[in-house]
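Trainee: I would like to learn how to read a structure, one feature at a time. Please show me where to start.

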Amino acid sequence: MVSSQSESGLLSSEGDSQRTQYPYVTGTSVIGIKYKDGILMAADMGGSYGSTIRYKSVERLKQVGKHSLLGASGEISDFQEILRYLDELILHDNMWDDGNSLGPKEVHNYLTRIMYNRRNKFDPLWNSLVLGGVKNGQKYLGSVSMIGVHFEDSHVATGFGNHLARPILREEWREDLSFEEGVKLLEKCMRNLLYRDRSAVNKLQIAKITEDGLTISQPYSLKTFWNFGAFQNPTVGAEGSW
Amino acid sequence: MDSIMKDLNSPHSMGTTIIGVTYDGGVILGADSRTSTGLYVANRASDKITQLTDNVYLCRSGSAADSQLVSDYVRHFLHQHTIQLGQPATVKVAANLIRLLSYNNKNMLQAGLIVGGWDKYEGGKIYGVPLGGTIVEQPFAIGGSGSTYLYGFFDQEWKDGMTKDEAEKLVVKAVSLAIARDGASGGVVRTVIINSEGVTRNFYPGDKLPLWHEELPPQNSLLDILSSSSSPEPMVS
């Protein structure tokens, strides 16, 4: 079986029928929470290539326009492509020069449409996205999956974060978290992911977005705790076990 | 007979070791020279470091055909771009053209590429473009099947701000270590040094590379050992 390739341009492949691909270079969980003044988001800087942790300085949290912050897990090349789509969206929005600027809710909706329409063509962008921002005092936090499932909540996570971080957030998240409390909460979640997610890497960034603007922290590492008595000699009394 | 036929019809792939390293003033690209069809070495002296422009070169790994075609297209586009721009293309532009082809044809291509070069705006730069078409700017990049043996080595040995000689020694040592353990890498080590002064190609034949664990110094013949040996036990019964 040979597919006939009618390539209209050398730099893109429009003619042939593509199908669901495989991810190659992937990022793991992203966590986002609303706090008193806005949104906090955390992601580590790992880019895995199968089971190899190949890249350890991948920035997975990026600014979008004036009001929004995008975090992505999944295939990094598709994330880079999404950033280009968003670049174009923001550019055209600015070109109207009408004093209005796209807020997080609009960007979230745009991303949802992109992801869902690609899913319908059986050629998804292999990402799970977290989109957060503040506009006119309104905090917004939403997520979109690679098949276009989207929702808005006070705390969201992708990948392993759904299983390891959200239970912590369900217990400990409050509407009026201060910045310090929010960061501590995210770090608690990220540390848990570091212990239990094989593709997690101990180098992360935390981003904050408020009405006043956006900051993404310098990369930093978390301390981990191994000093449990039960870890010291786990097989005493049961040699051969683990 | 069947396995030989399978070999003859296997896709030419470059199980490879490729490396790109920045140093204070430019970049060094390095690679082995083995191209295999299945278990047969189709070319034992291939040149996997391909020129894109006067100042930008490409290390190729994965499918030999795919990486050759991608590099041919990008060389063509860069040539046109240089004419229109009126000055040498930047490394970033070259890397992004590689990315465009790799990303937009991700279902059909199997090429892991490292772009390295020097331009007057950013100096020496290395960009990794792995399978899938992600683009990652790095101080050094490794790729190909032999690179799995080098992650630990580079984690330990890489330093920022090396001199040209230090960096080239590191590259040659690394490719040679990978060749020692990766069946799909072998032959000679080729390096390409790119900086503001221009481009230098170097060639390190297999017999000039350092010896590693369990490797012995090569001899002409057992007879030389026997005749020159002062020890009483050259042949043990």
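Trainee: Which residues of H3(B) are buried?

Mentor: First, some ground rules. This is a predicted model, in which local features need pLDDT of at least 70 and side-chain atom pairs count only at pLDDT 80 or more, while totals for chains, interfaces and linings use all residues. Residues are numbered from 1 along each chain as its sequence is written, chains are lettered from A and ligands numbered from 1 in the order in which they are written, and side-chain values use heavy atoms, with hydrogens and water left out. Buried means under 20% relative accessible area, exposed over 50%, and partly exposed in between, with a 1.4 Å probe and protein chains only. Helices (H or I, at least four residues) and strands (E, at least two) are DSSP runs numbered from the N terminus. In H3(B) the buried residues are B:Val91, B:Ala94, B:Ala95, B:Leu97, B:Ile98, B:Arg99, B:Leu101, B:Ser102, B:Tyr103 and B:Asn104. That is 10 of its 14 residues, so the helix is mostly covered.

Trainee: What covers the buried residues of H3(B)?

Mentor: Look for contacts, meaning heavy atoms within 4.5 Å. The cover includes helix H1 (76-96) of chain A. From chain B it includes strand S7 (56-63), helix H2 (64-85), strand S8 (111-119) and strand S9 (123-129).

Trainee: How many Å should helix H3 of chain B span?

Mentor: The expected span of a helix is 1.5 Å times one less than its number of residues. For the 14 residues of H3 (residues 91-104) of chain B that comes to 20 Å, and the end C-alpha atoms are 20 Å apart, which agrees.

Trainee: Which residues of the largest nonpolar core touch the most other members?

Mentor: A nonpolar core is a set of buried Ala, Val, Leu, Ile, Met, Phe, Trp, Tyr and Cys residues joined through side-chain atoms within 4.5 Å. The largest has 22 residues, and those that touch the most other members are B:Ile19, B:Val21, B:Leu150, B:Phe154 and B:Trp158. Two or more residues each come from strand S2 (18-23), strand S11 (140-143), helix H4 (151-157), helix H5 (164-181) and strand S12 (189-195) of chain B. H5(B) gives the most, with eight residues. Another core, of 21 residues, lies apart from this one, and includes A:Ala157, A:Leu164, A:Trp173 and A:Leu204.

Trainee: What is B:Trp158 in contact with, leaving aside its neighbours within four places in sequence?

Mentor: B:Trp158 is in contact with B:Val21, B:Thr22, B:Pro139, B:Phe140 and B:Leu170.

Trainee: Is A:Val130 buried or exposed?

Mentor: A:Val130 counts as buried because its relative accessibility is 0%. Its place is in strand S8 (residues 127-135) of chain A. A:Ala157 is 27 residues away along the chain, yet the two C-alpha atoms are separated by 7.3 Å. Not counting residues up to four places away in sequence, A:Val130 touches several residues, among them A:Val30, A:Met41, A:Leu69, A:Val156 and A:Thr158.

Trainee: How many cavities of 30 Å³ or more does a search of the whole structure find?

Mentor: On a 1 Å grid over the protein atoms alone, a cavity is a set of points where a 1.4 Å probe fits but cannot get out; a pocket is an open set with protein on both sides within 12 Å along at least five of seven lines, and lining residues have an atom within 4 Å of a point. Grid points are joined across faces, edges and corners, and a volume is the space filled by probe spheres set on the points. The search finds two such cavities. The largest holds about 90 Å³, and helix H5 (residues 179-196) of chain A gives the most to its lining, with three residues.

Trainee: Which residues lie nearest the centre of the largest pocket?

Mentor: They are A:Glu59, A:Lys62, A:Gln80, A:Leu83 and B:Ile135, out of 16 lining residues. The pocket holds about 530 Å³ of space. H1(A) supplies the largest share of the lining, five residues.
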